[in-house]
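Hello,

Here is the structure for you to look at. My notes on side-chain contacts follow below.

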Amino acid sequence: MRTTRTPAALCRPAALGSVLAAALLLGGCGAEVESDAKESGKVTVKRCGEPVEYTVPERAVAYEGGSADKLFALGLTEHVHGYVMPPANPPVSESPWASEYAKVEMLSDDLLNKEVVVEAESDFVVAGWNSGFKDERGITPEILDKLGIQSFMHTESCFNYPGHPEKMSPFEALYTDLERLGRIFRVEKKAADVVDGLKKRVSAVEAEAPEGDPVPVFLYDSGTDQPFTAGNQVPPNDIIKTAGGRNVFDGLDERWTQVNWESVAEAEPEVVVILDYGDQPAQKKIDFLRKSPHTKGLPAVKNNNFFILDYNEGISGPRNIDGLEKFATYLRELKG
């Protein structure tokens, strides 16, 4: 996923399917949350591998849907000042927490930067390393620390965070983020309930996974000369594996990374997962794969085995489990 790019009906009815169930389960529909401790004083929580002292934030800024969804899933809307959504992110009206987005400010439709955070008088910023926070754009946790602005990074993105790296599987990283945010905002019990609900949904998928050899799956993010895809350090790898497939690039100890078409062809994927996001729609990518000499002969392409994964189901956030359930259903139906 290239770092240069990176959902107002409340809990829409039956059409949402598993997304609705997720929203209800996570309590993201405006549920009030009781704090587990007085909202005062400091608590030490890890930011990647670095222990950091936090006071309870009151003007949080979230970058991208995954960050905001984590806060809304924990019932923290009153602590969120606003969000920044780059063009890659689908409309917030599509989110199971659409009504919560409507209660806070949209601060920018561009990439995260220091100016928008300072202007918002934010006291807490949630983003990923090298997606929201980035040295080249002048906004890092270290820079915000010097400005007296607290920050939190998605654990999934800590794999290559300078000085304080942290590595765990993407789903474990999601659970860890919710637990850590629960501590920061003093809503540990709510966080534990949310994580427990997600884990039960994952276990249910694992129990129904098809038997036999895992289906080889290629995730196509973008790129024509060379494709961007998912290594084993991002949520799609866990989605594919848990559902009963095998990411053909699960041997790459990377997050979003560039490979070559020759290695894709050699892997002979039987399914292609298309990451669908705002500025690069899925159909355009499918059309390219059908025409490209590198890919038109792939088993997945010849058999029209394309699965579309929503952007917010592919980046770290509660909607990863929605994506998992949908892909698991797809694989079960494919294998008959």
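**Salt bridges**

D193 and K189 form a salt bridge, with the closest N and O atoms 3.3 Å apart (a salt bridge is a side-chain nitrogen of Lys or Arg within 4 Å of a carboxyl oxygen of Asp or Glu). The model is predicted: local features need pLDDT of at least 70 and side-chain atom pairs count only at pLDDT 80 or more, while totals for chains, interfaces and linings use all residues. Residues are numbered from 1 along each chain as its sequence is written, and side-chain values use heavy atoms, leaving out hydrogens and water.

Both D193 and K189 sit in helix α7 (residues 188–207), four residues apart, about one turn of the helix. Helices (H or I, at least four residues) and strands (E, at least two) are DSSP runs, numbered from the N terminus. With a relative accessible area of 44%, D193 is partly exposed, whereas K189 is exposed at 54%. Here buried means under 20% relative accessible area, exposed means over 50%, and partly exposed is in between (1.4 Å probe, protein chains only).

The count of salt bridges comes to 17. Another of them joins R319 to D69, with the closest N and O atoms 2.6 Å apart. R319 lies in the loop between α12 (311–314) and α13, and D69 in helix α2 (residues 64–73), so this pair ties together parts that are 250 residues apart in sequence. R319 is buried at 5% relative accessibility, and D69 is buried at 0%.

**Disulfide**

How many disulfides are there? The count comes to one, a disulfide being a pair of cysteine sulfur atoms within 2.5 Å. The disulfide joins C48 to C158, with an S to S distance of 1.9 Å. C48 is in the loop between β1 (43–47) and β2 (50–54), and C158 is in the loop between β7 (150–153) and α6 (170–184), 110 residues apart. The link of C48 and C158 is left-handed, with -75° about the S-S bond.

**Aromatic pairs**

Rings of Phe, Tyr and Trp (its six-membered ring) pair if their centres lie within 6.5 Å; planes under 30 degrees apart count as stacked, over 60 as edge-to-face and the rest as tilted. The count comes to 15 aromatic pairs. The ring centres of F218 and F249 are 6.2 Å apart and their planes are at 70°, so this pair is edge-to-face. Both F218 and F249 are buried. F327 and Y330 form a stacked pair, 6.2 Å centre to centre with 20° between the planes.

Regards
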